Protein chains: 2
Amino acid sequence: MKSKIKVGIVEDQLLFREGIKAILINWDIFEIVFESADGFSVIDKLEKLTDLPDILMVDLSLPPLDKKEYSGLHLTIALAEKFPEIKVLILSVHNDENFMAELIKNGAHGYLVKDCNPLEVYQAIVAIAEKGSYINSRVLKAIQDSMAKKAKPGKKLLTYISPREEEVLKLTCQQFTADEIAEKLFISVKTVNGHRNNLLLKTGSRNVTGLVTFAIRNNIVQL
Amino acid sequence: MKSKIKVGIVEDQLLFREGIKAILINWDIFEIVFESADGFSVIDKLEKLTDLPDILMVDLSLPPLDKKEYSGLHLTIALAEKFPEIKVLILSVHNDENFMAELIKNGAHGYLVKDCNPLEVYQAIVAIAEKGSYINSRVLKAIQDSMAKKAKPGKKLLTYISPREEEVLKLTCQQFTADEIAEKLFISVKTVNGHRNNLLLKTGSRNVTGLVTFAIRNNIVQL
DNA sequence: ACACAAACAGGTATTTATACCTATGCTTTG
DNA sequence: CAAAGCATAGGTATAAATACCTGTTTGTGT
């Protein structure tokens, strides 16, 4: 008999975490060796662990602790660096195509939307354990689309939001005008508008309302 | 021995639904007699059911089917009318105080935030079954605050968004300008701006970004 | 029948946001 | 070193949103 697949779960919503555990228990090939309610402490906790998980299921929309940035994407990047042997399976409520590709590019081995069924969870984990990755057709398409965008030389591709742009975006979502943001960041209004224009381009939005939904979707701001 | 508490679950995310079921199974006083992935069909399904649930757990953020409006709030109102004997326990990811009060006012018997722990789920269901309601301190405070707002005579209270305002709000969130909304709704731009002004007042927002977050928070639009 | 709120429409004025440009100093990366 | 992206700042225009008003019609509830 093969040894069990060691699974870790990083998910802030306790109810959901318990739910996943309860589902995984149905198959006795899984063993839950690690749990965390936030992304912030995961690396530290893993370093103290002797029995590392083979696969870590990570919620994309982890809440930020204090002012620290620690979304599922940040954690994925950190894991790829410090624990490359651990495979990352992303769990997300959203269905953002750009973000799927972004995550896979940054070291995630699979992407599951939270409205999938338990069987798909099973399949995803087994596929990652055996073949190293689980890419369903939807995610595959997202990656291809993302590639296609980059292939086009003319169109400025979304290299994703720069730190400064993210600051402007956050303040914009908090109902601050460009003038107020300029004051807060000690920069010119022109610069703020420049950042906003770049944001509109990068996110493909027409106006600030698009920026707000983008920010919420991608967990740049929390509700 | 007392008879089991019959529980129904209305939740679109299968994984979460399975999770809740898995948790409830831990206590043998619960019996799951009903399940639905959408709010739209719940009333119909219940009418065909002989063994009605005592308590229905309803996800607040149910996705709308087609153009039909069927959020947790709509379902709660419909249930209160057609099946007043079924107690409604709301499950929500958000923590919006106004919405809590609104739901309780419209017939919900309890409100649980999704990041609560399994024990609280147990307590909530048992409390509703035995005492008819489960109001924790946070929800209680929300109701009190909501009451307090209404007590103030001067301040225009949020009588909540009128249907037309909601239409304008939705289109605004979809990045349409006032002109475009006017065209779509066959009304004057002036009227659209009037609705927008009212929305700003009612929601206490400074600009459209505030409207978008309000709409998302209150599930008027989905992500 | 009256009060009230919603939906509608209009006006004026100001403030913000957006669309296009250019341009420079500074990193990072190939 | 060259190329690229970032952050900065500026200009010129127009489009859009917001802050104030006034008013009519219609339907609903008391």
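R17(B) and E35(B) form a salt bridge in this predicted model, with their closest N and O atoms 2.9 Å apart; a salt bridge here is a side-chain nitrogen of Lys or Arg within 4 Å of a carboxyl oxygen of Asp or Glu. R17(B) lies in helix 1 (residues 14–25) of chain B and E35(B) in strand 2 (residues 30–36) of chain B, so the pair ties together parts that are 18 residues apart in sequence. Helices (H or I, at least four residues) and strands (E, at least two) are DSSP runs, numbered from the N terminus. R17(B) counts as buried, at 11% relative accessibility, and E35(B) as partly exposed, at 29%. Buried means under 20% relative accessible area, exposed over 50%, and partly exposed in between (1.4 Å probe, protein chains only).

In chain A, salt bridges that share partners join R17(A), E18(A), K21(A) and E35(A) into one network. K21(A) is buried at 18% relative accessibility. The side chain of K21(A) meets that of E18(A) in a salt bridge of 3.6 Å, N to O. These two residues are 3 apart in helix 1 (residues 14–25) of chain A, and therefore separated by about one helical turn. E18(A) is partly exposed, with a relative accessible area of 23%. K21(A) also forms a salt bridge with E35(A), where the closest N and O atoms are 2.8 Å apart. E35(A) belongs to strand 2 (residues 30–36) of chain A and K21(A) to helix 1 of chain A, so this pair ties together parts 14 residues apart in sequence. The relative accessible area of E35(A) is 29%, which is partly exposed. Over all chains, the structure holds 16 salt bridges.

The largest nonpolar core has 44 residues, of which M57(A), I125(A), M57(B) and I125(B) touch the most other members. Such a core is a set of buried Ala, Val, Leu, Ile, Met, Phe, Trp, Tyr and Cys residues joined through side-chain atoms within 4.5 Å. A second, separate core of 37 residues includes L199(A), A215(A), I216(A) and L169(B).

The protein also meets DNA strand D. Helix 7 (163–173) and helix 9 (189–203) of chain A, together with helix 9 (189–203) of chain B, each supply at least two residues of the surface near DNA strand D.

| Residue | Protein atom | Distance to a phosphate oxygen of DNA strand D |
|---|---|---|
| H195(A) | side-chain N or O atom | 3.0 Å |
| R196(B) | polar side-chain atom | 3.3 Å |
| V208(B) | backbone N or O atom | 2.7 Å |

Residues are numbered from 1 along each chain as its sequence is written, while chains are lettered from A and ligands numbered from 1 in the order in which they are written. In this predicted model, local features need pLDDT of at least 70, side-chain atom pairs count only at pLDDT 80 or more, and totals for chains, interfaces and linings use all residues; side-chain values use heavy atoms, with hydrogens and water left out.

Notes: A polar contact is a pair of N or O atoms within 3.5 Å; within protein, one must be able to donate a hydrogen and the other to accept it, and residues adjacent in sequence count only if both atoms are side-chain atoms.
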